[in-house]
Amino acid sequence: MKNVLIIEDELSIVKLLQYNLEKENYSVEVAMDGEEGLEMALKSEYDIILLDLMLPSKDGMDVCREIRGEKIDTPIIMLTAKDSEIDKIVGLEIGADDYITKPFSPREVIARIKAISRRVGKQNKAAPEEDRNEKVFVFDHITIYPENFEVYVDEEKVEFTPKEFELLVYLAENKNRILSREQLLLAVWDYDFRGETRIVDVHISHLREKIEKDPKKPQFIKTARGFGYKLEVPK
């Protein structure tokens, strides 16, 4: 049974989500304000966090930022009444994995949870130690172990969110090939984002910050202007 933490102050939304999630055999815990939600997220382990943006005591942006600051990589789906592009981008930049705008249907939320859970489940199936080197990507100072959900930069392990890691692996699997933003959306976000290609740009920026020696002059993740990106590796 997967554990879900709902951090939301609208009781009607909490009841709706809790009822439908429990019908799907999820275990649900609830926090009605940001401080309580942050405390619960830091003390207990959850498979996913549903986080409202506008909360009493501490807003969702701050809660998300502090969770990620503690190196907790639990997938976070933002729930918010705000739908401007800048709000979505800020949420993703501070570490949210997904973003759903109110009003939403419980079916949509559950579909998003299942999509993220499938990806995390694949990433967490670590290979036995003796099989670790069967599938490894090595690019200069970067080493990626897809089966173990591990990335080392200059021999130091670097933490990635599930979506960041999946995007990096997909780029590595298609090295030296230009991939459109739409292709990357389809490969990494396996539901319909319809034009939300800015999400790709945000995650590419995160990857560059973590693996490039100079993110402003990337050596590996190159931009194909007007089209997309590629992970460029000398042949």
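The model is predicted, so local features need pLDDT of at least 70 and side-chain atom pairs pLDDT 80 or more, while totals for chains, interfaces and linings use all residues. Residues are numbered from 1 along each chain as written, and side-chain values use heavy atoms, without hydrogens or water.

**Entry: H2 and H3.** I looked up helix H2 (residues 34-43) against helix H3 (residues 60-69); their axes come within 10 Å and cross at roughly 20°. Therefore H2 and H3 are roughly parallel to each other. The crossing is right-handed. On the H2 side I list Gly-34, Leu-38, Ala-41 and Leu-42; H3 brings Val-63, Glu-66 and Ile-67. Contact here means heavy atoms within 4.5 Å.

**Entry: H6 and H8.** The axes of helix H6 (residues 162-173) and helix H8 (residues 198-211) come within 10 Å and cross at roughly 80°. That makes H6 roughly perpendicular to H8. From H6, I find Lys-163, Glu-164, Leu-167, Leu-168 and Leu-171 meeting H8 residues, among them His-203, Leu-207 and Ile-211.

**Entry: the sheet.** I traced an open sheet of 5 strands, ordered E2-E1-E3-E4-E5, with parallel pairing. Two strands pair if DSSP finds at least two bridges between them. Strands E2 (27-31) and E5 (98-101) are at the edges with a single partner strand each, so one side of each has no neighbour in the sheet. I then checked E1 (residues 3-7) and E3 (residues 48-52): 4 bridges join them, and they run parallel. Leu-5 has Ile-49 in E3 as its bridge partner.

**Terms.** Helices (H or I, at least four residues) and strands (E, at least two) are DSSP runs, numbered from the N terminus. Axes are lines fitted to C-alpha atoms, for helices over the stretch in contact, with angles from 0 to 180 degrees between N-to-C directions. A right-handed crossing has the near helix turned clockwise from the far one by less than a right angle, a left-handed one anticlockwise.

Key. Angles under 35 degrees count as roughly parallel, over 145 as roughly antiparallel, 65 to 115 as roughly perpendicular and the rest as oblique.
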